[in-house]
Amino acid sequence: MPCRDGTSGPLTASVSEVRASRLLSVLMLLQSHGRLTAAQLADRLAVSPRTIYRDVESLHAAGIPLFGEAGHAGGYQLVDGWRTRLTGLTAEEADRLFLAGLPGPADELGYGDVVAALQLKLHAALPASLRDRATQLQQRFHLDTPGWYADGDASPELARTAEAVWRQHRIEVRYRSWHGEVTRVLEPYGLVLKGGRWYVVADQPGRGAPATYRVNQILALTALAQEFDRPADFDLPAWWRAHVVEFRARLHREEATVRLSPAGRERLREIGGDPAVRAVDASAGPPDARGWVTAVLPIESLTHAHGELLRLGADVEVLTPVALRERLTATAAGLAALYAPG
């Protein structure tokens, strides 16, 4: 189905379009690298060497000055001085230009092949000196968005959510919320990648108040034929910045008074957020004979604080609130009983 601007979506290319794109990719690769074997071309384009042989024959038939040499140091290359000018971007590639530096997220969204082709065209269009510089940059800087202890949000519905965002189509989702499973009809305004996790910013028809939904909590998604009008004044980056500020403002509404050992304070710098570290630095009293300090920590809730402070083990003691101290006491007693010898 065509998009509103008349271009096709990322999954609707015909077989002939795919082959034409691959032939152009062969030219771009040879233009960028000078000489490549059929096996190297096949590996880069995820096809068989036999397919590359057929593609080379087609390029010959089209009058492209391409020749091959046999042997260990052989391969295909273009005649010296010949450069293709077929480096123009397709409409879809231009649309995805902003994802060129994020190959991982682009692949998750289903645009990996498009972004790879775009990067190849950009690389081929550069003068030799800038092309070498671009290659060096790719080898020296790498962006890996997920955290150390998670691979991000793998979601079978991410690509379809992205498609609905792009086409401005309503979706019906079955969603796992804090209160259990719910079914919602949503108008998806945009996608945001935050800390390796994907969120869709969407409104419910007639509500007029967008909210965020974790994409990997979408259990089932049905794309509806109904289009919606995205508000012309909706600014996704600005809305998200305001949402983050509001989220942080309501995140730490309570406080806990704690004692921290030197090791516990250092460990807090590794696992705690910036607000917690700043609060301890600002409120910590003078250390006692053992180096322990008393400080005030902002907490989100008793349940959340219970789980976070357990990570500090015996290097933290909660003084108040009493309910949090009692929870930790009960957990410590349970652990002692569980690990008691005999």
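## A close look

Reply: Ala220 is partly exposed, because its relative accessible area is 27%. Partly exposed lies between buried (under 20% relative accessible area) and exposed (over 50%), with a 1.4 Å probe and protein chains only. This is a predicted model, where local features need pLDDT of at least 70, side-chain atom pairs count only at pLDDT 80 or more, and totals for chains, interfaces and linings use all residues. Residues are numbered from 1 along each chain as its sequence is written, and side-chain values use heavy atoms, leaving out hydrogens and water.

Ala220 sits in strand E8 (residues 218-227). Strands (E, at least two residues) and helices (H or I, at least four) are DSSP runs, numbered from the N terminus. What does Ala220 touch, leaving aside neighbours within four places in sequence? Its contacts are Glu157, Glu172, Val173 and Arg174. Contact means heavy atoms within 4.5 Å. Pro156 is 64 residues from Ala220 along the chain, yet their C-alpha atoms are separated by 9.1 Å.

The largest nonpolar core has 19 residues. Such a core is a set of buried Ala, Val, Leu, Ile, Met, Phe, Trp, Tyr and Cys residues, joined through side-chain atoms within 4.5 Å. Helices H1 (15-33), H2 (38-45) and H3 (49-61) and strand E3 (75-78) each supply at least two of its residues. H1 gives the most, with 7 residues. Val26 is among the residues with the most contacts inside this core. Not counting residues up to four places away in sequence, Val26 touches Leu41, Leu45, Ile52 and Leu59.

Next, a sheet. Three strands form an open sheet in the order E1-E3-E2, with antiparallel pairing. Its edge strands are E1 (35-36) and E2 (66-69), each pairing on one side only. Two strands pair if DSSP finds at least two bridges between them. E2 and E3 are joined by 4 bridges in the antiparallel sense. Gly68 has Tyr76 of E3 as its bridge partner.

Last, the surface. Leu335, Leu338 and Tyr339 make a nonpolar patch of about 380 Å². Patch residues have over 30% relative accessible area and no salt bridge; like charges are joined within 9 Å, nonpolar side chains (Val, Leu, Ile, Met, Phe, Trp, Tyr) within 5 Å. A salt bridge is a side-chain nitrogen of Lys or Arg within 4 Å of a carboxyl oxygen of Asp or Glu. Areas come from the Shrake-Rupley method with a 1.4 Å probe; for residues, only the protein chains shown count as cover. Tyr339 lies in the segment after helix H13 (322-338). Tyr339 is exposed, because its relative accessible area is 65%.
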